[in-house]
Amino acid sequence: MKKTSWISKLTSTIATGTAAFMLFAGFASAHVTVSPSVAQTSAWQTYTIKIPSEKDLPTTKITMKVPEGVAFKQYQPLAGWKITTEKNDSNEVTSITWEVEGDNEGIIAGQFQQFNFVAQNPKTEAEVAWDAFQYYSDGSIVEWTGQPSDNNPHSITTISEDPAAAGNAAAGGDHHSAGTSDEGHDSAATDDSKANDDTTLGDALNDTVTGEPNNTDTDPGTLKLQQATLIVSILALILSFLGIALATRRKKR
């Protein structure tokens with residue numbers, strides 16, 4: 001009887017800990033993120049910012065700063081959201097804001113929203129940080145500007161010359177090779193290569209309209225957290241079966 005009681009208590013404790021751990025994992029991974037997390041140098045990249053609502057209040061506005069070295073180009077309009085940009089004296093976009101309008105109540109608890117935009121990456125390898133400010137309906141603001149180890153970290157994209165990053169960029173809407181100038185893209189050229197470039201950009205944006213997912217949480221920290229959660233869950237299940245087996249054996253005696 002003592003063995004059975006001991007196993008039952010241990011099983012209950014593990015199960016409770018697992019539930020708490022899984023709840024913590026859900027909150028820990030619910031950050032404002034920008035994907036992809038790796039992109040190629042000089043590429044024209046379609047980025048996606050994902051905003052979850054972690055409070056029991058709707059998110060009504062989100063402002064994102066454009067990292068230094070990143071050239072913001074275009075944003076994708078979205079019904080129910082007013083989109084505005086701020087520029088510096090050199091006419092470069094320094095921040096973009098998405099704010100609810102009309103009958104849109106915002107991003108309510110338990111939901112998330114994604115916004116898409118196009119930017120040209122720096123010409124050299126770097127780690128760019130996306131500082132974001134999340135506004136709730138009560139006027140409170142969550143600043144996603146911390147380091148990766150902080151409670152409210154900013155999202156980071158690694159800009160790399162690695163060919164693997166080139167494939168990542170292509171999947172996200174890259175349509176410029178390294179060294180292609182802005183003027184060459186913006187001019188009204190009619191040659192086939194530039195026409196193909198424009199088509200690729202259009203296709204990348206159309207993919208987001210049709211609902212194809214382009215924002216997968218592949219952050220290493222998130223993956224490790226999910227793996228740890230799975231291991232703890234399996235251990236709890238094994239201990240639960242062990243407790244049942246011992247209890248059954250005890251009854252047979």
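User: Which residue stands opposite lysine 61 in strand 10?

Analyst: In this predicted model, lysine 61 stands opposite tyrosine 135 in strand 10.

User: What makes lysine 61 a residue that lies over the face of tyrosine 135?

Analyst: The limit for a charge over a ring is 6 Å from the ring centre, with an angle within 35 degrees of the ring normal. Lysine 61 is at 4.2 Å from the ring centre of tyrosine 135 and lies over its face. Another case is lysine 50, whose charged end sits over the ring of phenylalanine 112, 4.6 Å from the centre.

User: How do you know that strand 4 and strand 10 pair?

Analyst: Pairing needs at least two bridges. Strand 4 and strand 10 have five bridges, in the antiparallel sense, so they count as paired. Strand 10 also pairs with strand 11 in the antiparallel sense, over four bridges; there, alanine 132 stands opposite tryptophan 144.

User: What lies between strand 10 and strand 11?

Analyst: Four residues lie between these two strands, which form a hairpin. Glycine 139 in the turn has a positive phi of about 95°.

User: Why is strand 10 called largely enclosed?

Analyst: A residue is buried when its relative accessible area is under 20%. Four of the five residues of strand 10 are buried, so the strand is largely enclosed by the rest of the structure. For the chain, 36% of the 253 residues count as buried.

User: Why is the pair of tyrosine 47 and phenylalanine 117 called stacked?

Analyst: Two cut-offs apply: centres within 6.5 Å for a pair, and planes under 30 degrees apart for stacking. The structure holds six aromatic pairs. In the pair of tyrosine 47 and phenylalanine 117, the centres are 5.7 Å apart and the planes are at 20°, so the pair is stacked.

User: What makes this a link between distant parts of the chain?

Analyst: Tyrosine 47 is in strand 3 and phenylalanine 117 is in strand 8, 70 residues apart. Both residues are buried. They also belong to one aromatic cluster with Phe72 and Trp130.

User: Which residues touch the most other members of the largest nonpolar core?

Analyst: The core has 27 residues, and those touching the most other members are Tyr47, Ile49, Met64, Trp98, Phe117 and Trp130. Among the elements that give two or more residues to this core are strand 3, strand 4, strand 8 and strand 10.

User: What is tryptophan 130 in contact with, leaving aside its neighbours within four places in sequence?

Analyst: The contacts of tryptophan 130 include Tyr47, Met64, Phe117 and Trp144.

Conventions: Residues numbered from 1 in each chain as written. Predicted model: local features only at pLDDT ≥ 70, side-chain atom pairs only at ≥ 80, totals over all residues. Heavy atoms only, no water. Phe/Tyr/Trp six-rings, centres within 6.5 Å; stacked < 30°, edge-to-face > 60°. Buried < 20%, exposed > 50% of the residue type's maximum accessible area, 1.4 Å probe, protein only. Core = buried A, V, L, I, M, F, W, Y, C linked by side-chain atoms within 4.5 Å. Contact = heavy atoms within 4.5 Å.
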